[in-house]
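Hi,

Here is the structure I promised to pass on to you.

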Amino acid sequence: MATKAEDVLKDLKSGKYAPIYFLQGEESFFIDEISDFIENNALQEHDKGFNQIIMYGKDVSITDVLNNARRFPMMADRQVVIVKEAQNIQNLGKEEHDLQLINYIKNPLPSTILVFAHKYKNLDGRKALSKELEKNVVFVKSEKIKDHLLAPWIESYIASKGHSINNQTAVFLAESIGNNLEVIANEVGKLLLNFSEKTAITKDHIQKYIGINKEYNTFELTKAIGAKDVVKANKIIHYFSLNPKSHPLIPIIALIYSFFSKIAIVHFNKQKGESELARIAGIHPYFLKEYKFAANNYRLGKVIDNISYIKEADLRSKGVDSNGVDDREILRELVFKIMH
């Protein structure tokens, strides 16, 4: 049965290690967090030279991995074998070689900690190997976190670092960066380096240390579009054009697409209660009123038209029928079409 990444880390921090870890899924953050902890903490520094083996999937076969896993440690209680980018193991998924791994899973060497970091994809759950892993090893499915759960995750993550952030500021950070946990963690890490004592993180801190302007950012752009505030939307677009490296076009278009997709969901589920509607749309309840207000400003037919404009702009941003128009003009034209 799959185990939560948080529970695995809790066990590891208390010194409880298992013989085999199989970490898989689209969200690489949790996979890296667990494998990095084992790499950094399972062995004393002086034992790592002989007893810690780091392998990369593209360079090895299942046989190579298992030959290393079956070695006994040298002058230590255990050894660690970590397979990074395990999704690229040459013969993983082929029945004959999967059987080798299944046999090892059934009788692992107790003195070896074997870790598979299988990123961005999952094994075929119908196959024998996947079923055997779920039953007999520490098996983590690392899925992308849903948008409406990002802010609570940020609150919890910052709390784990000894600081705090209120929900509204966490939502602002999530909306501004997106749902890539690795990027969020890196930005939060840079921010927290500036504080030696427990601090309540504010939008001013985020603007100063991460560089997200509290008035001119993608979150405020979608808010202005939803409110049909043409003046503010154009001010934000102008600010983006002055700082193109900090505001690349493709993520902005993706966020606008997500915004109108949620407005469409609001239209289709008007009869639902507020908490249910927020859950279906993947919107934090605090911001549901903003999406309902936008739905009043954009009838469903216009929302559908806008989604087609967004898809067209996305293609142009990637060089399809762009006719040499730069990113600034693509965004300016898109927002004009959306709001008029």
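A salt bridge here means a side-chain nitrogen of Lys or Arg within 4 Å of a carboxyl oxygen of Asp or Glu. By that rule, Glu329 and Arg328 pair up through their side chains at 3.8 Å, N to O. Glu329 is partly exposed, with 31% relative accessible area, and Arg328 is partly exposed too, at 41%. Salt bridges with shared partners also link Glu312, Arg316, Glu333 and Lys337 into one network. Please keep in mind that this is a predicted model.

Lys337 sits in helix α17 (residues 327–339) and Glu312 in helix α16 (residues 300–317), so their pairing ties together parts 25 residues apart in sequence.

The structure has 18 salt bridges, and another of them joins Glu220 and Lys232 at 2.9 Å, N to O. This one connects helix α11 (residues 218–226) with helix α12 (residues 230–242), so parts 12 residues apart in sequence are tied together. Glu220 is buried, at 7% relative accessible area, while Lys232 is partly exposed, at 29%.

As for the whole chain, it contains 17 helices and 7 strands, and 47% of its 340 residues count as buried. There are 46 positive and 43 negative side chains, with the centres of the two sets 4 Å apart.

One last thing for you to find on the surface: Phe50, Met74 and Met75 make up a nonpolar patch with about 370 Å² of accessible area together. Phe50 belongs to helix α3 (residues 48–51).

Best wishes

Key. Residues are numbered from 1 along each chain as its sequence is written. This is a predicted model: local features need pLDDT of at least 70, side-chain atom pairs count only at pLDDT 80 or more; totals for chains, interfaces and linings use all residues. Side-chain values use heavy atoms; hydrogens and water are left out. Patches are made of residues with over 30% relative accessible area and no salt bridge: like charges are joined within 9 Å, nonpolar side chains (Val, Leu, Ile, Met, Phe, Trp, Tyr) within 5 Å. Accessible areas come from the Shrake-Rupley method with a 1.4 Å probe; for residues, only the protein chains shown count as cover. Helices (H or I, at least four residues) and strands (E, at least two) are DSSP runs, numbered from the N terminus. Buried means under 20% relative accessible area, exposed over 50%, partly exposed in between (1.4 Å probe, protein chains only). Lys and Arg count as positive and Asp and Glu as negative; His and the chain ends are not counted. The place of a charge is taken as NZ of Lys, CZ of Arg, CG of Asp or CD of Glu.
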